[in-house]
Every structure is written in C-alpha cells, then in structure tokens.
Amino acid sequence: MPGEDRKKTDAAARRPLGLYLGGGAFVLVLAAVVAGSLSRPDPLSFVPTPVAPRPAADRFVVDTVTVDARDGSEWVYFDFDKRSAVEGPLAGWDLALNRYHIIVNGGPGYPGAGGAIAIPEPWPAVTEAPASGYATTEGALDEGPATPGLERWYRYGFFSHLLEPKDETYVIRTAEGRYAKLRILSYYCPQATPGCVTLVYGYRGDGTRALHADEP
C-alpha cells in the first residue's frame, strides 16, 4: 500500500543519516585524541644529581635529589643518611630505583627494616611518621619487586603519554629504622627523557618520628 511504502522509504532514509552522525562523532573523538597527542606539554625535568655522599645529620634536613634511573637493566640505590645515591647495595641503601619502580630496603630477603606509607596529604600537613602500618617490599631484586603504596606513585596521562606524580606524601622508614617523608616531583630528564626521578625529601636522622623543622 502507498502509506506503507512511504514509511519504508522514510526508514531507509533515516538509517544512513544515523550512520553518518555516528561516524562523525567517531571522527571528532579521534581528532581530539590526535590533537591531544600532538600538543603534549613539556614535562618538568631535572638534571641528575651527582653521586656525592655526605656526613649524616641528626637534625631534620630537607633536600631535593634527582636519581638517574634510566638504565632499566640495573637498580640505582639511595641512602637518606648519606643524602645521596650510593655505589651499589653493599654500601647500604634505603630506596632502590629502576625506571619508574621504587622500593624500600625491607621485607623478606632484605637486610633493612625499611617500609613505606602513602599519605594523601600535602607535604606541610605530614609532621609525624606513623607508628605502624608500613608496607615492605615483596619479591627479590631480580624478580620484579614492588613496595605496595609506593609502587604506584604516578598517573599515566592519556593525552600527554607522560607519567604524572600523584598528589601524595610518602613516609619512609629507612633501613636503619629512621624516618623520612618525600614527594615525587618528576620522572623526566632534560629533553623529556624518562628515568630521572626527582625527589624532595625531609629526613630525620635522630630516630624520632617528628617530620618537621626543629624548633629554634
């Protein structure tokens, strides 16, 4: 019948229109993804800090260090007491870094008493190390170890394709049972080369849990 034929014709005409609209939306999404990739911002980047161990301090000290962990075939070690990267695990260490992996010197198979806690608070708000609740490292160095709470310190930028530090403060119990707090500022060397982990930390070398400057 003519009325039914007209309905069929209208329905057939609408189907391609729906396809065109859906295809157009997909193209717009794809264009946004490509544009975001092409407009990737330059990440905050730092030159690696030379290995230069310093004398231990028994007061609260604050410093910034960039650890060169670009070589994924080996771990790089950092010692809060020496305030520097150190030449291998036999020299004593508190953190080990390999690209974006960061672990503490503590847990089954490790000689230290290290541990870590992620605290979703800004740096100034963290003034005392917790008495308990520290995660230790799981797995041997040659088996892909991880320290829960510290391992996922970053977010992956979908458009920028960069690792972006989370807004967290990490309290570290060192290998000797002392305390530090740290923030991760960046994962990049100059020219946006990944693997330079920049940390700002405050370290209390006297063994107390106070994580703030000493009273004058």
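1. Leu 182 touches Phe 80, Leu 95, Trp 123, Glu 168, Thr 169, Tyr 170, Ile 172, Leu 199, Val 200 and Tyr 201, leaving aside residues up to four places away in sequence; contact means heavy atoms within 4.5 Å. The model is predicted: local features need pLDDT of at least 70 and side-chain atom pairs count only at pLDDT 80 or more, while totals for chains, interfaces and linings use all residues. Residues are numbered from 1 along each chain as its sequence is written, and side-chain values use heavy atoms, with hydrogens and water left out.

2. Leu 182 also belongs to the largest nonpolar core, which has 29 residues; Phe 80, Leu 95, Ile 172 and Leu 182 have the most contacts inside it. A nonpolar core is a set of buried Ala, Val, Leu, Ile, Met, Phe, Trp, Tyr and Cys residues joined through side-chain atoms within 4.5 Å. Buried means under 20% relative accessible area, exposed over 50%, and partly exposed in between (1.4 Å probe, protein chains only).

3. Two or more residues of this core come from each of β1 (60–68), β2 (76–79), β4 (95–98), β5 (101–104), β9 (169–173), β10 (179–189) and β11 (193–204). The most are given by β10, with 5 residues. Strands are DSSP runs (E, at least two residues), numbered from the N terminus. Apart from this core lies another, of 9 residues, including Phe 60, Ile 119, Tyr 134 and Leu 211.

4. An open sheet of 4 strands runs in the order β3-β2-β4-β5, with antiparallel pairing; two strands pair if DSSP finds at least two bridges between them. Because β3 (84–86) and β5 stand at the edges, each with a single partner strand, one side of each has no neighbour in the sheet. Between β2 and β3 there are 3 bridges in the antiparallel sense, and Phe 78 stands opposite Ala 85 in β3.

5. The aromatic pairs number 13. Rings of Phe, Tyr and Trp (its six-membered ring) pair if their centres lie within 6.5 Å; planes under 30 degrees apart count as stacked, over 60 as edge-to-face and the rest as tilted. Phe 78 and Phe 80 pair edge-to-face, at 5.2 Å centre to centre and 85 degrees between the planes; both residues are buried. Phe 158 and Phe 159 also form an edge-to-face pair, at 5.3 Å and 75 degrees. Phe 158 is exposed, with a relative accessible area of 57%, and Phe 159 is partly exposed, at 41%.

6. One aromatic cluster is formed by Tyr 100, Trp 153, Tyr 154, Tyr 187 and Tyr 188.
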